[in-house]
Amino acid sequence: MAASPDPSIGGLLARRQRPLVSLEFFPPKDEKGLRNLTRQAEALQAIHPDFVTVTYGAGGSTRTRTLAVCEMLRTLDLGPVMPHLTCVGSSRDDLARVTDELAGRGYRNIMALRGDPPRGATAFTPAPDGLAYASELVAFIRDRHPEICCGVAGYPEVHPEAADGPTDLRHLAAKVRAGAAFVTTQLFYDNRLFLAYREAVRAAGIEVPVLAGLLPATSLAQVERIMGFCRASLPSPLRARLADAGSDAEAGEAAGLGWAADQIRDLAGRGVAGVHLYILNRSRTVLAPALADALAELRAAGGGGP
Ligand SMILES: Cc1cc2nc3c(=O)[nH]c(=O)nc-3n(C[C@H](O)[C@H](O)[C@H](O)COP(=O)(O)OP(=O)(O)OC[C@H]3O[C@@H](n4cnc5c(N)ncnc54)[C@H](O)[C@@H]3O)c2cc1C
């Protein structure tokens, strides 16, 4: 029997009395990974996230894995579970099948994305009879299932394929016109970039809440790897602190978590609508007192601005 339908995250955001906290998981490769993720997710119930999301990769197997992880998370007390969905390698029929299944199972929230070009390719090519942009995916989902709330991605440092910031914002506006209820940003380490982006979003007439995407760093090597596949600049004080930690894993983690905690506290004071943590399937970093305390302060901040 289908589970009872999830509440809409757009609705949660509209009614919020404080900033929301969401966590992002990715589907592990095998059963052992899923068992480990289940343990991590169980521990993360202590954080009481407002919702959690699960990424989506290209191809059929990851599609099944995304759903398997979502179903596992739904058995826990982690708030509504929001699967991601991309246009990569999927025809309209494929996308219809996936969204119908999710809607039938009671999912009421989908993070709608275009997806990245396959490794080695420089440009994104839609699948035959597929969709070219996330705005088309939002329109497709909302047309087929108006009960489903869509979130979309935003880029404080501009999407790498966009000609410039204003062009990227016009494309963000198209996603919201198509029916997206909120924006979650790409990760960033410099809050000034997020705040300037949020201002530009509002100046472009986009009124939906913007959630801040944060990935707590644990080492310089890790952050440099991340910089390799997403555009995010590394502030020199953070680089210096991670470099000072050298090969001392504990010191690297303390430096990265301290930075993320400062980011969260600063955002709390600036009326952020919510914080989305890219946790890389690890509970340890989020449960560490440095981060857990900052999240508690964020929630106590009240209000919850734009
Ligand atoms: C919160 C978040 C979650 C993510 N989750 C996943 C995931 O689960 N799986 C995954 O594979 N990837 C994921 N990604 C990465 C994302 O798929 C890539 O960043 C991808 O390159 C762009 O996706 P998008 O949805 O932003 O695309 P779009 O909004 O379609 O934008 C892609 C590019 O096209 C441009 N553009 C948009 N509309 C038009 C138009 N009409 N004409 C011309 N240009 C246009 C935009 O400016 C941008 O440069 C995620 C990213 C974020 C920030």
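Two strands are taken to pair if DSSP finds at least two bridges between them. Helices (H or I, at least four residues) and strands (E, at least two) are DSSP runs, numbered from the N terminus. The model is predicted: local features require pLDDT of at least 70 and side-chain atom pairs count only at pLDDT 80 or more, whereas totals for chains, interfaces and linings use all residues. Residues are numbered from 1 along each chain as its sequence is written.

Strand S6 (residues 180-185) and S7 (210-214) pair in the parallel sense over two bridges. Valine 183 has valine 210 of S7 as its bridge partner. Burial was assigned from C-beta atoms placed from the backbone: a residue is buried if 20 or more other C-beta atoms lie within 10 Å of its own, exposed if 12 or fewer, and partly exposed in between. Because five of the five residues of S7 are buried, this strand is largely enclosed by the rest of the structure. Val210, Ala212 and Leu214 lie on one side of S7 and Leu211 and Gly213 on the other, so that both faces are covered.

The strand S7 also contributes to the cover of the buried residues of helix H10, together with elements including helix H7 (191-203), helix H9 (236-245) and strand S8 (274-278); contact here denotes C-beta atoms, placed from the backbone, within 7 Å. Helix H10 comprises 20 residues (249-268), and at 1.5 Å a residue it should span 28 Å, in agreement with the 28 Å between its end C-alpha atoms. The expected span is 1.5 Å times one less than the number of residues. Among the buried residues of H10 are Glu253, Trp259, Gln263 and Ile264.

H10 in turn is among the elements that cover the buried residues of helix H12, as are strand S1 (20-25), S8 and H11. Leu291, Ala294, Leu295 and Leu298 are the buried residues of H12. They cover an arc (that of the directions from the helix axis to the C-beta atoms) of only 100 degrees, which puts them on the same side of H12. The face turned away from this buried side carries the exposed residues Pro289 and Ala300. Just after H12, glycine 302 adopts a positive phi of about 70 degrees.

In helix H4 (residues 92-104), Leu95, Thr99 and Leu102 are buried. They cover an arc of only 60 degrees around the axis, which puts them on the same side of H4. On the other side of H4, Asp93, Asp100, Glu101 and Gly104 are exposed. The cover of the buried residues of H4 includes S3, S4 and H5.

Strands S3 (81-86) and S4 (109-113) and helices H5 (134-144) and H6 (165-177) each supply at least two residues of the shell around the ligand. The largest contribution, four residues, is that of H6. Of the 24 residues around the ligand, Thr55, His84, Arg114, Ala134 and Ala153 come nearest; a residue is near a molecule if its C-beta atom, placed from the backbone, lies within 6 Å of it. By class, the shell has eight nonpolar, eleven polar and five charged residues, where Ala, Val, Leu, Ile, Met, Phe, Trp, Tyr, Cys and Pro count as nonpolar, Asp, Glu, Lys and Arg as charged, and the others, Gly among them, as polar.

Technical notes:
Contact = placed C-beta atoms within 7 Å.
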